[in-house]
Amino acid sequence: MESQLMAANNTAETIVCYAPTMITTNGIWQGDNPLDYSLPLFILQLSLVVITTRLLVYILKPFRQPRVISEILGGVILGPSVLGRSKAFASTVFPLRSVMVLETMANMGLLYFLFLVGVEMDMSVIKRTGKKAIAIAIGGMILPFLIGLAFSFALHKESQSLNQGTFILFLGVALSVTAFPVLARVLAEIKLINTEIGRIAMSAALINDICAWILLALAITLAENESSSLATLWVLLSSITFVLICIYVVRPAILWMISSTPEGETISEYYICLILTGVMISGFITDAIGTHSVFGAFVFGLIIPNGPLGVTLIEKLEDFVSGLLLPIFFAMSGLKTDIGAINGATTWLVLILVIIIGFAGKVVGTLLASMLYEMPLLEGITLGFLMNSKGLVEMIVLNVGRDQKVLDDESFAMMVIVAVIMTAIIIPFVTAIYKAGEEVPALHTANNSEIETGFRV
């Protein structure tokens, strides 16, 4: 009898819920429903996400909204806040069994997009912009972080599994961060990217993003190792070691690849494949040591040298990653956002206060820093509005916070709304300020023939 029980247990341990026939269908003429199979279902989901996003881009184009707004709103529309309220739609198009495939593809797109962001960033711009951009970046982070600290006491609930300190860190980072890729596109949209103010804004956003990544890595470490300070220390040391290896081992290897390519010829496909594989390996390593996988991809992108290699990588990846894979990540954020979870007039009042005070805090902090360097008032206010650009990094922070149960559904939905509204109002406000300050020389194109914006390519 005992041997039979052991055999049964062994059998139970080897059961795998997978069948090749669950991936692709035999066709509707064989009586199959394509949506019962993972590949046709994923194709439908991806098509819906892209079509919804593109429609919203077209609708919001007259309002000159950045694409990130359309991508987040597309996910919200497909999610439980709008279409997902229909149980038939939710269970047919976005059933729970499909979430793992969607999340995996979303994170793969995120991995390569953050790599491209790293490739586009030019770290040397920090040296050229001097103390002004550093002061503006820090000034624009400290006050919103303190506001996040204050509001964390109103938003934190006893039911949330992690302590107040970790919650403060996540909320503070979410409010204080400036999204470098979103800001770049906002500046390009309003034709300020080649101005003095654009140069300062991009430099400050670059510094802000780097600080945000460090704080995010710390927040993830604390969230995952709440009970073990020793584990937290090992994660931090491992992350520092990873960065040093990238700088002193991987970067020289990439420089050798470039130098071994004959002048005038494009870098070989073999080397390109090695670099693209390196992105995944970097993501795997940082995920394994306890920080987010996108941290590894971002650092790997930062060490790519300036020049033709960066241009080649962007040309090969950008349309596919930004146009097809990245919208899945924002859609997944929207699918997790249930506006109905925000209950009560008091909660909505807190939400409005977070938006107003968080936005104002960023403007005031940036303005104070700019006044230290005797910048014109209009320029300081414009910088403050621009530094409120939200998007990718904040959504990563919020998604990690939700996955780690630092944020509940209500807090997550509130912060997604905060990100959308803060970013949506930037272009109208900055355009109005810019028109009002057309006579201010600082808002005009700088005299130097080539302005450094933080982009390499």
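Student: Where in the protein chain is confidence lowest, and where is it highest?

Tutor: Helix α1 (residues 2-13) has the lowest mean, 48, and helix α11 (residues 269-289) the highest, 94. These are pLDDT values, the predictor's confidence in each residue from 0 to 100. Helices here are DSSP runs of H or I with at least four residues, numbered from the N terminus. This is a predicted model, in which local features need pLDDT of at least 70 and side-chain atom pairs count only at 80 or more, while totals for chains, interfaces and linings use all residues. Residues are numbered from 1 along each chain, and side-chain values use heavy atoms, without hydrogens and water.

Student: Why is the set of 129 residues called a nonpolar core?

Tutor: Buried means under 20% relative accessible area, exposed over 50%, and partly exposed in between, with a 1.4 Å probe and protein chains only. F115 and I396 have the most contacts inside this largest core. Beyond four places in sequence, I396 touches L110, L114, W213, L216, V294 and F329.

Student: How many of the chain's residues are buried, as a percentage?

Tutor: Of 457 residues, 53% are buried. The chain has 18 helices and zero strands.

Key. A nonpolar core is a set of buried Ala, Val, Leu, Ile, Met, Phe, Trp, Tyr and Cys residues joined through side-chain atoms within 4.5 Å. Contact means heavy atoms within 4.5 Å. Helices (H or I, at least four residues) and strands (E, at least two) are DSSP runs, numbered from the N terminus.
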